[in-house]
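Hi,

Here is the structure I promised to pass on to you. Have a look at it first, and then read on for what I found in it.

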Amino acid sequence: FGMETYGNMPLIEPLETKEMKKIEDFVIVIDTSMSCNGSLIRRFLEETYSVLAESESFFRKIQVHIIQCDEKIQDDQVIHNHLEDFNVRGFGGTDFRPAFTYVEHLIKMGAFQRLRGLLYFTDGYGTFPAKMPPYDTAFVFMKDDYRDVDVPPWAIKLILEEEDLERRQEDEY
């Protein structure tokens with residue numbers, strides 16, 4: 001085409017199929033303070049991980065950090081293939097800032113290839129960070145426990161009903 005159109009300029013294109021495995025990193029932070037329900041946390045994790053895993057393709061893999069945090073980081077479990085046994089740890093007070101500080105530390109240490117975002121599952125009773133992080137952030141609330149919370153303007157606020165998680169599980173069976 002290049003020789004016909006431009007005379008002496010061949011156009012060379014890269015191969016259309018190129019095996020490239022991009023890893024996309026996600027962080028799910030679970031508020032494990034006293035006011036959070038353990039079975040609800042488990043269902044939220046299962047649902048969120050299944051949605052992320054469905055989006056995996058030949059060219060893209062996911063790596064999910066599941067961080068448990070009350071007023072401090074309690075656990076960080078990295079998931080590549082499937083959600084393993086999960087034991088809730090914490091049950092202290094609530095502060096969202098340690099999770100963001102910890103993720104910032106992981107970024108500096110090179111733990112992420114491509115951090116796509118952070119989901120924070122919480123009841124909203126805590127201290128939000130003042131500064132916007134360099135990745136997308138969503139705070140996820142359950143409608144039963146939800147109170148009108150002033151989520152920072154840089155974050156997404158998502159309110160789920162318990163039936164939303166149950167409906168999804170029934171659809172899988």
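Helices (H or I, at least four residues) and strands (E, at least two) are DSSP runs, numbered from the N terminus. Please keep in mind that this is a predicted model, in which local features need pLDDT of at least 70 and side-chain atom pairs count only at pLDDT 80 or more, while totals for chains, interfaces and linings use all residues. Residues are numbered from 1 along each chain as its sequence is written, and side-chain values use heavy atoms, with hydrogens and water left out.

**Overall layout**

The chain has 4 helices and 6 strands, and their order along the sequence is α-β-α-β-β-α-β-β-β-α. Of its 173 residues, 40% are buried (buried means under 20% relative accessible area, exposed over 50%, and partly exposed in between, with a 1.4 Å probe and protein chains only). Contact here means heavy atoms within 4.5 Å. Among contacts between residues at least 6 apart in sequence, 58% join residues at least 24 apart.

V27 is part of strand β1, and it is buried because its relative accessible area is 1%. Leaving out neighbours within four places in sequence, V27 contacts H65, I67, V103, F112, L115, G117, L118 and L119. D76 is 49 residues away from V27 along the chain, and their C-alpha atoms are separated by 9.7 Å.

Not counting residues up to four places away in sequence, L106 touches H65, D76, A111 and F112. L106 has 9% relative accessibility, so this residue counts as buried too.

In strand β2 (residues 60-69) you will find V64, which counts as buried because its relative accessibility is 0%. V64 and I28 are 36 residues apart in sequence, yet 7.1 Å apart in space from C-alpha to C-alpha.

**Strand β5 and its partners**

Strand β5 (residues 136-142) is largely enclosed by the rest of the structure, because 6 of its 7 residues are buried. Two strands pair if DSSP finds at least two bridges between them. β5 pairs in the parallel sense with strand β4 (residues 115-121) over 5 bridges, and Y120 stands opposite F139 in β5. β5 also runs parallel to strand β6 (residues 156-160), joined to it by 5 bridges; here V140 has L158 as its bridge partner in β6.

**The nonpolar cores**

Which residues touch the most other members of the largest nonpolar core? They are V29, F100, L118, Y120 and F139, in a core of 20 residues. (A nonpolar core is a set of buried Ala, Val, Leu, Ile, Met, Phe, Trp, Tyr and Cys residues joined through side-chain atoms within 4.5 Å.) Two or more residues of this core come from each of β1 (22-31), β2, α3 (97-109), β4 and β5. Helix α3 gives the most, with 4 residues. A second, separate core has 16 residues, including F44, L45, I79 and M142.

Y120 is worth a click in your viewer. Setting aside residues up to four places away in sequence, Y120 touches V29, D31, C69, D95, F96, A99, F100, A138, F139 and V140.

**The largest pocket**

A pocket is an open set of points, on a 1 Å grid over the protein atoms alone, where a 1.4 Å probe fits, with protein on both sides within 12 Å along at least five of seven lines; lining residues have an atom within 4 Å of a point. The largest pocket has a volume of about 220 Å³ (grid points are joined across faces, edges and corners, and the volume is the space filled by probe spheres set on the points). Its lining has 13 residues, and F100, T101, E104, K131 and P133 lie nearest the centre.

Best wishes
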